[in-house]
Amino acid sequence: NGTRQRQLRRMIPLTVRGIKPGGNSTKFAATIDPAIRSDEAMKLILRFLLQVMRINEGNIEKDLDTEFLHDFRVALRRARSALSEMGQVFPREVTDRFEKVLATAGRISNPLRDLDVYLQDESNHKAMLPAALRDDIDPLFKYLRKERSRAFRDLVQYLRSKKYRKNMGEWRTFLNEKIESSRAAPDAGLPIGEMARIRILRKYRCIMEQGHSALVNPQDKRLHLLRLACKELRYLLEFFASLFPRDKVDVVIKQLKKLQDLLGRFNDLRIQEDYLLTVAGELPRRGKPRTRTLLGIGSLVGTLDREKQTVKEAFAKTFAEYASRANQKLFRELVAGPILATPSRSSSGFP
C-alpha cells in the first residue's frame, strides 16, 4: 500500500549529499528487511543507483575529475547486474528493455574511461621503456589526448540527448510506480531474504565451476568470464550485506576481492595491449610519426604482454586460495541461515 511504499523510500535519502570522486557512493548501505517482497527491495536498490548516476552526470559534463565518470559507470554496472542476476523479479520485457538502455550508456562511455586510464598511466608507461625511447613515445599520448577530447564530446552529447533523458525518465517512473503482482514476474513476491541467498549461492557455484575450468585451460576469454562472475557476486553480496552477519560477509567479500583484483589487472593489461596495437596501425595515417615512436609502442606492448603472462601465472595460486576448503566452509556458513517460507515455495533447500 501507499504507506508501505513511503516507509521503504525513507530508507534511502532523497538526495545523495557530499558525494566525492572515488568514494564509496555506489555502495548500497541501507538495511533491508528480509521479509519484504523481492521487487520492492530491488526497486529500492535501483532507485539509489539511479540517484548516484544522475548526480554524477552533471560532474562528468564539467570534466572536473575522471573519477566522477568512474562512479557513474560503477552505479550503471551495478544496476545492470541487479537486473540480470535477480531472476524474474520484474517482467522479462521490462528487464530486457532497461538492460539495453543501461548497456548503451555503458558502451558510449567506454572510450572515455579507457582513454582516461591510458593517460593517467602515461608516466608509468614511459618508465617501462628504455631511456632512449621515452621521449619518442610522446606522439602516442598526444594522439590519445585528441581522442579523449572526441570521446568526451560524444559522451556529453549523449547524456544531453532527448533519447537518453527520455529513457532515464521512464526508468525513474518505473522504479517509483506502485508495485503490482504479475504472472510475468513470478519471483516478485518472494521474500528478498530467500531470493538473495538463492542468487548468491548460484553465482558462487558458477565461479567455482568457471574457475576450475580456467585452471585447466586459462584462456583469456575464460578469465574474462570469470572476472565478470566475480564482479556480479560481489555486487550481490554488497547489495544484501545487511541480511548476513557483518563479520562473515566482510571476510567473504575480502576474499573475493583478491581474486577479482588479479583478474581485473589481467583484463586491463589485455585491453591496453590490444588498444596499443590498434593505435600503432592508425598513427601512420595521422601525421606519419617517426619510426622510433612505433618502436616505442612495440616495446611497450612487449612489456605489457610479459606482465600479463606473469599475472596469468599467478592465477592458479590465487584461485586455489579462494577455493580452499576453509573459504568454502565460511561461504556455506554465510548462506546456510534459515530461509523464510512462502506459500509458493519450500524453504527446504537451494536449487
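**Figure 1. Salt bridges in the predicted model.** A search of the whole structure finds 28 salt bridges. The model is a predicted one. Side chains of opposite charge can pair when their charged atoms come close.

**Figure 2. E61 and R165 form a salt bridge.** The closest N and O atoms of E61 and R165 are 3.9 Å apart. E61 belongs to helix 2, residues 38-62. R165 belongs to helix 7. The pair therefore ties together parts that are 104 residues apart in sequence. R165 has a relative accessible area of 33% and is partly exposed.

**Figure 3. Salt bridges join five residues into one network.** The members are R54, E57, E61, R160 and R165. They are joined by salt bridges that share partners. E61 and R165, the pair of the previous view, are among them.

**Figure 4. K203 pairs with E85 in a salt bridge.** Their closest N and O atoms lie 3.2 Å apart. K203 sits in helix 8, residues 192-216. E85 sits in helix 3. The pair links distant parts of the chain, 118 residues apart. Both K203 and E85 are buried.

**Figure 5. D116 and R148 form a salt bridge.** Here the closest N and O atoms are 2.8 Å apart. D116 is in helix 4, and R148 is in helix 6, residues 138-159. The two are 32 residues apart, and the pair links distant parts of the chain. How accessible is D116? Its relative accessibility is 4%, so D116 counts as buried. R148 has a relative accessibility of 14%, so R148 counts as buried too.

**Figure 6. F90 and F174 form an edge-to-face aromatic pair.** The structure holds eleven aromatic pairs. A pair of aromatic rings is described by the distance of the centres and the angle of the planes. For F90 and F174, the centres are 5.2 Å apart and the planes are at 85°. Which parts of the chain does this pair tie together? F90 lies in the loop between helix 3 (66-85) and helix 4 (92-120). F174 lies in helix 7, residues 162-176. The pair therefore ties together parts that are 84 residues apart in sequence. F90 has 7% relative accessibility, so F90 counts as buried. F174 is buried as well, with a relative accessible area of 10%.

**Figure 7. A103 lies in helix 4.** A103 has a relative accessibility of 24%, so A103 counts as partly exposed. L76 is 27 residues from A103 along the chain. The C-alpha atoms of A103 and L76 are separated by 8.4 Å.

**Figure 8. Helix 11 has a kink centred on F315.** The kink is about 35°. Helix 11 runs over residues 291-322, which is 32 residues.

Methods: Residues are numbered from 1 along each chain as its sequence is written. This is a predicted model: local features need pLDDT of at least 70, side-chain atom pairs count only at pLDDT 80 or more; totals for chains, interfaces and linings use all residues. Side-chain values use heavy atoms; hydrogens and water are left out. Helices (H or I, at least four residues) and strands (E, at least two) are DSSP runs, numbered from the N terminus. The expected span of a helix is 1.5 Å times one less than its number of residues. The bend at a residue is the angle between axes fitted to the seven residues ending there and the seven starting there. Rings of Phe, Tyr and Trp (its six-membered ring) pair if their centres lie within 6.5 Å; planes under 30 degrees apart count as stacked, over 60 as edge-to-face and the rest as tilted. Buried means under 20% relative accessible area, exposed over 50%, partly exposed in between (1.4 Å probe, protein chains only). A salt bridge is a side-chain nitrogen of Lys or Arg within 4 Å of a carboxyl oxygen of Asp or Glu.
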